Amino acid sequence: MEVLLQILLVIVGFVMLVKGADWFVDGAAGIAERFGIPQLVIGLTIVAMGTSAPEAAVSISAAFKGTADITIGNVVGSNILNILIILGLTSVIVAVAVQRSTVRYEMPFMIGISVLLLVFGITGNQVGRAEGAVLWLFFILYILYLYRMTKNQKAQEPEKKEGKTSIWKLFMLVLVGLALVVFGSDVTVDAATALAKIVGLSEKFIGLTIIALGTSLPELVTSVSAARKGKADIAIGNIVGSNIVNILFVVGTTALILPVPFAAGFVVDMGIAIAASVLLLVCVLMRHKLDRMGGTIMLLGYAAYFIYLCVGK
């Protein structure tokens, strides 16, 4: 009976994820169109911050409870998964076009702040309040860059049509969709973890697979849904923006509350996160888009990382 209940919860969780992602993307795209905001900016801000909410909530609440030990592992693990698994799976399903500004500015910026976080970590074995302030400064500059991008891009005039979805309904789609995505991911992860324990899988295996991937389910379903709807800018912006937000906002805010320990073992993981970001940039530059070949390479990259985790730790 317990097994049937958990299977039912997994199904319910996935239904919430899929439907929530559809509403979330539709609402975000509608808001972008209504206000003349580039879809890429929506992906880099509203969608990215929304899907990064679980990582932010876990890290910041842990800091308020007096421990920030999980922050680096939470952020680094999420960033690796976002690129190698989420974008890998998304581009295998449907090719993702990438804007020139993303290749020229956002991706190199993501790589740069990843290197900066590594430098902060290895110089003092922690990310202190001063470093947290620096990360927050970069976060403010990032928001200003997005604002300037919006101002510089010529906004298309919205079509005057009767019966067009009202702005409050678009915001409701975003809020309800995001709530379904986050809650659906929690239900799915909890039920899948319970099933794994019932069949006798180890805690380590559950942590490295079900829980690790489960915390990135919001990014996965949102990116795939956006790409399939032809909103590729939201899909790529979701992941690049999420990784930037994870480092600058999540680590920065946590470090301002409480210094964030940076264990020696994270040096390798941070190196892999940086390598994954560079691999993403190279794949896009080689093909001028993120297609099935690039996605396959990234999935193979995560398979190698997974083997390292299982063997080396």
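Helices here are DSSP runs of H or I with at least four residues, numbered from the N terminus. A word on the source: this is a predicted model, where local features need pLDDT of at least 70 and side-chain atom pairs count only at pLDDT 80 or more, while totals for chains, interfaces and linings use all residues. Residues are numbered from 1 along each chain as its sequence is written, and side-chain values use heavy atoms, with hydrogens and water left out.

Now, H9 itself. Eleven of its twelve residues are buried, meaning under 20% relative accessible area with a 1.4 Å probe, protein chains only. Among them are Glu 219, Val 224 and Ala 227.

What does H9 pack against? Helix H1, residues 2-35, packs with H9, residues 217-228, at an angle of about 60°, their axes 9 Å apart. Axes are lines fitted to C-alpha atoms over the stretch in contact, and angles run from 0 to 180 degrees between N-to-C directions. The two helices are therefore oblique to each other; that label covers whatever is left after under 35 degrees (roughly parallel), over 145 (roughly antiparallel) and 65 to 115 (roughly perpendicular).

Where do they touch? Residues including Met 107, Ile 111 and Leu 118 in H5 meet residues including Met 270, Ile 274 and Leu 281 in H11, with contact meaning heavy atoms within 4.5 Å. Thanks, everyone!

Notes. Buried means under 20% relative accessible area, exposed over 50%, partly exposed in between (1.4 Å probe, protein chains only).
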